[in-house]
Amino acid sequence: MSYDREGLLAAAREAMMKAYAPYSNFYVGAAYLMEDGTIYSGCNIENASYGAANCAERTAIFKAISDGRRDFKALALCGGPKGVVDKACYPCGICRQVINEFCDKDMEIVVGTKDGYEVTTLAELLPHSFSKDDL
Ligand code: THU
């Protein structure tokens with residue numbers, strides 16, 4: 001299960017710079033690596049009606065799902081004020097639940113920092129989750 005973490009993070013960073021975030025000025029980018037090496041990336045997209053905002057992780061995962069893909073292998077993301085990444089930007093609660101719908105609990109989630117990255121999993125971020133297996 002080896003892959004290029006820095007490369008995936010670079011795709012997330014590139015997506016981050018496309019953020020539409022005029023209200024929070026907080027830019028986020030996400031990139032999912034698929035089993036065949038394809039990358040689906042996305043940014044956060046805000047709205048004058050604040051609640052209509054969409055996070056980067058969901059923009060990217062919805063692009064993949066709507067393209068007929070389910071073979072997620074890893075996720076990288078980063079975020080910061082106007083795209084300046086300092087501390088790690090972990091997925092919000094709603095995104096954790098959406099990731100939980102489609103991705104393996106042990107899939108790596110690489111979170112960019114000022115000088116590098118931190119690595120975690122959904123198992124760590126969303127313990128005791130409610131999922132389709134509970135229905
Ligand atoms: N945001 C994301 O895109 N992903 C997260 O996991 C955290 C928050 C966005 C939503 C909003 O556009 C901005 O960051 C500030 O909350």
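**Exercise 1.** Find which backbone and side-chain N or O atoms lie 2.9 Å from an oxygen atom of the ligand.

*Solution.* Begin with Ala-56, where a backbone N or O atom lies 2.9 Å from a ligand oxygen; this is a polar contact, that is, a pair of N or O atoms within 3.5 Å. Continue to Cys-92, which also places a backbone N or O atom 2.9 Å from an oxygen of the ligand. Finish with Asn-44, where an N or O atom of the side chain is 2.9 Å from a ligand oxygen. Taken alone the ligand exposes 370 Å², of which the protein buries 77% (accessible areas by the Shrake-Rupley method with a 1.4 Å probe).

The model is predicted, with local features needing pLDDT of at least 70 and side-chain atom pairs pLDDT 80 or more, while totals for chains, interfaces and linings use all residues. Residues are numbered from 1 along each chain as its sequence is written, and side-chain values use heavy atoms, without hydrogens and water.

**Exercise 2.** Describe the residues that surround the ligand.

*Solution.* First list the neighbours, each with a heavy atom within 4 Å of the ligand: among them are Ser-24, Glu-46, Tyr-90 and Pro-91. Finally assign elements: β1 (26–34) and α2 (56–66) each supply at least two shell residues (DSSP runs, with helices, H or I, of at least four residues and strands, E, of at least two, numbered from the N terminus).

Definitions and conventions. Polar contact = N/O pair within 3.5 Å; in protein donor to acceptor, adjacent residues only side chain to side chain.
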